[in-house]
Every structure is written in C-alpha cells, then in structure tokens.
Amino acid sequence: MAHDYDLIIVGAGLAGNCLALALRNSGLKIALVEANSREQLRHSPAGDRALALAKGSVELLEQLGAWRGVAAKATAIADIHISDRGHFGKTRLSAAEQGVDALGYVIVARDIEQHAADLVEKTDTDCLYQTRVAGLMAGYDAVNVSLKQADGRSLNLSAQVLVGADGGNSTVRKLLEIPQQVSEYGQTALVTTVQSALPNRHVAFERFTEFGPLALLPVAAKQSAVVWTRSHEQAEALLAVNDREFLAELQNCFGYRLGELKLVAPRRAFPLSLIRADSMVADRTVIIGNAVHQLHPVAGQGFNLGIRDVALLAELLMDQHDRGGDLGAASLLRDYSRQRRQDHDRTIGFTDTVVRLFSNNRLPVAALRNAGLAVLDHLPFAKSALAKHAMGLAGKLPKLGKDE
C-alpha cells in the first residue's frame, strides 16, 4: 500500500523535534503535526522553565547537531551538592572527580526548544502547525490519522507508524484509550529564578527539607533557577505573599551559602505527581516522552528519560527501514517497549524513592538517610555510580542519526 508518509510525529516539542532530527537523513518521508502555532509555542510560559540536561543527553543532542547552536546559552554543572536541612549528612559529586568537563548543563527550555524547531524546518520534514489530531485508526498495513486544521479544513493522512510525542495531555494516548497510573505526591513545585550575592561557581544544590526538596540550578554566574517543592497549601500561601516574605522563607530553607538572594523572575506553580502510561505502544503507534511518563523534578530526569526514548526509537526505525521492513510492525514496537522498560523502571523508581525518602521527616528515616549521605560522601565507587546515573550514562547510549 502507498502511504502519505512513512512516519507521522504528533507534537513539536523537544521529543518530537529531536525524533525528526534523528531521522532527517534516513530517507523516510516524515510529517510533524502540532496543535499550536510556532508563535504560541515560543511564548508559552512552560518555555521559562530550566532544564537540567544530563551529560548523556547533551551527547545525544550533539549527535543531532542540536547542541552547538545553543551551547553558549547553557550553564555547566561542575558539582552537585546534596544536603538535608537541619542534619549533618551531605554528599558532593564533582565533574573533576569523574574525569568529565561537566556533570550536565542547565538551559532555559525555550532556547533549546526553539533551536530544535528551527533545525527541523530546514529538513525535508513536513511541519503541519495549528493542526490537531481528531481521530486515528490502525489497519493491517497503515495507520490512518484524521486531522483538523485551524482554518477548519480536514485532512486524512496515512503512515506506516504514528509517534505520539504530544506531552502530558497527549491526544494520541487518549484516543488510544491507554490508561495511566497516577501517584499523587500532595506537592506543588514553585519555580522561579534568583540572583545571589555570591557566585554559584557552577554548583547545583539539592537541599532536602522537612517540607520537600529544594533545588538551585546555576543559570549564570550569580543566578540560579529555583525548583522548590512544598505541600499544595504551603505553595498556595507562598504564592500569595509579597516578594520579601517569599524570599525570607526561601532563605530560611536554603541558608546563606550563596549569600542574600533576590528574585529576578515571576513565581510559578506546578502540581506534582508520578504519571506512567500502562503501555508505550499500540497498533502501529508509539508514545514517547511526557506522553508516556511524567516524573517529579527532584532528580531532573524527565527530559533526559524522554530523549533516550527518542534515541532508541530512531535507532530501531532506521534499522528496520534499511532492511526494507515495516516501520509499524508489531515485533518492532514490542522490541522498543521491552528495551525501554528497564530504563523507565530504573529511573522512575529511583526518582520516586528519593521523593518519598527525603519528604519523610520521621526521626528514624531522617537518621538513616543522613547516615547514608555521610557514608556515600566517603565511598568513591558509590559516588561514581550515583554520578553516572545523574549524567545519564548508566546504560548504553544509542548512536543517533546518520552521517550527513
């Protein structure tokens, strides 16, 4: 059967654009479908968030040619300082100790998202913005997708395989009726940026408090992105107070390691939960990134897990295409799901354990975790294992894309 496209990607966020870039020299005919316009995406408040990119993710972005153009806008993480407020335990991870230039990088999401989108528009990918998925149906040899454009026109397209990279409220996942498992943390993330009196020296701070984790990520010499976890009620109260009162509470939780802090960005709030789809695949369809998993930001692993979804899927699709095989074959989708499940289980399990362990201030638990942090700080092999996990290098990284 003749298809309109070999592959249709739904969602022009980072995951969708990175997949299109990974396949740009594969010879595949690709359509990228996005409900919003480029202008809407460019001005989305979500673009203000700071992304912590693991070293492994940066290596994958380099393979895509998507890193060089934004590297100057990213801030390297030279060290990670992990501590527990009011207790003695702490652990420090160092890029120098691991023999690398950086453990990771922090970048404003909008910078890397817009750069990736610009690169995709220079490829042969057909970009259909302001186009929504209205329905889909998988057949024996094709998946048929019904689309509705902003001007009211309808389109019906077919492809060998459909990829849902359309975020946490994925239309593709909903149309496929794939259930989700949701674990509520009863927490909200407060996000902003602060300027400090003292330079951060490229240190990312992860400070656990009795209310929840508090992270300060370096974004400039004296600026840090704040991701502050509090209960829903506490977060609501902190959003309601003035800047001076907000900063006083933030300073009380973080301390004065960076001197006095000053707000330099609006405060925003996002409720937190662990969300995981029951399946990554359906007939001729794959869902990736936030469409299949949404994590607590405590370990900064959300996007890093998603780009590893992209990397493996691109590798399998190119191998299948080179063999002349069916891109939507059930065996390929099962193989993808099987290979990704271990990484999902490990990363999601680690993040969830950290949240629950360090959001518990019961004395026995606090004593145990602080003893663990103190011991970990003196065990080079254990610190190296933790650093590899933080850098996204615990497993094999696929090779993305084909040579130009």
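By class, the lining of the largest cavity comprises three nonpolar, one polar and two charged residues, where Ala, Val, Leu, Ile, Met, Phe, Trp, Tyr, Cys and Pro count as nonpolar, Asp, Glu, Lys and Arg as charged, and the others, Gly among them, as polar. The model is predicted, so that local features require a pLDDT of at least 70 and side-chain atom pairs count only at pLDDT 80 or more, whereas totals for chains, interfaces and linings use all residues. Residues are numbered from 1 along each chain as its sequence is written, and side-chain values use heavy atoms, with hydrogens and water left out.

The lining residues of the largest cavity are R276, A277, M280, V292, R341 and H344. Strand β17 (268-277) and helix α10 (330-358) each contribute at least two residues to this lining; helices (H or I, at least four residues) and strands (E, at least two) are DSSP runs numbered from the N terminus. The volume of the largest cavity is about 30 Å³, and the structure holds one cavity of 30 Å³ or more. A cavity is a set of points, on a 1 Å grid over the protein atoms alone, where a 1.4 Å probe fits but cannot get out, and lining residues have an atom within 4 Å of a point. Grid points are joined across faces, edges and corners, and a volume is the space filled by probe spheres set on the points.

R276 also takes part in a salt bridge with D345, the side chains meeting at 2.5 Å, N to O. This pair links distant parts of the chain, with R276 in strand β17 and D345 in helix α10, 69 residues apart. A salt bridge is a side-chain nitrogen of Lys or Arg within 4 Å of a carboxyl oxygen of Asp or Glu, and a search of the whole structure finds 17 salt bridges. D345 is partly exposed, with a relative accessible area of 39%; buried means under 20% relative accessible area, exposed over 50%, and partly exposed in between (1.4 Å probe, protein chains only).

Because D343 lies in helix α10 and R308 in helix α9 (residues 302-322), the pair ties together parts that are 35 residues apart in sequence. Both partners are buried, D343 with a relative accessible area of 6% and R308 with one of 12%. Salt bridges that share partners join R308, D309, R340, D343 and R346 into one network.

An α-helix has 3.6 residues a turn, so residues three or four places apart point the same way. R42 is partly exposed at a relative accessible area of 29%, as is E39 at 45%.

In helix α1 (residues 14-22), nine of the nine residues are buried, so the helix is largely enclosed by the rest of the structure. The buried residues of α1 are L14, A15, G16, N17, C18, L19, A20, L21 and A22.

N200 is located in the loop between β12 (180-196) and β13 (203-209) and is buried, with a relative accessible area of 3%. The side chain of N200 reaches the backbone oxygen of A220 at 2.7 Å and that of Q223 at 3.1 Å. Apart from neighbours within four places in sequence, N200 is in contact (heavy atoms within 4.5 Å) with P218, A220, A221, K222, Q223, S224 and L258.

A78 occupies the loop between β4 (75-77) and β5 (79-84) and counts as partly exposed at 23% relative accessibility. Residues touched by A78, not counting those up to four places away in sequence, are L93, S94, A95, L103 and H202. A78 and Y105 are 27 residues apart in sequence, with a C-alpha to C-alpha separation of 8.8 Å.

R92 is placed in strand β6 (residues 90-94) and counts as partly exposed at 41% relative accessibility. The C-alpha atoms of R92 and F205 are separated by 9.5 Å, although the two residues are 113 residues apart along the chain.

Terms used: A polar contact is a pair of N or O atoms within 3.5 Å; within protein, one must be able to donate a hydrogen and the other to accept it, and residues adjacent in sequence count only if both atoms are side-chain atoms. On a 1 Å grid over the protein atoms alone, a cavity is a set of points where a 1.4 Å probe fits but cannot get out, and a pocket is an open set with protein on both sides within 12 Å along at least five of seven lines; lining residues have an atom within 4 Å of a point.
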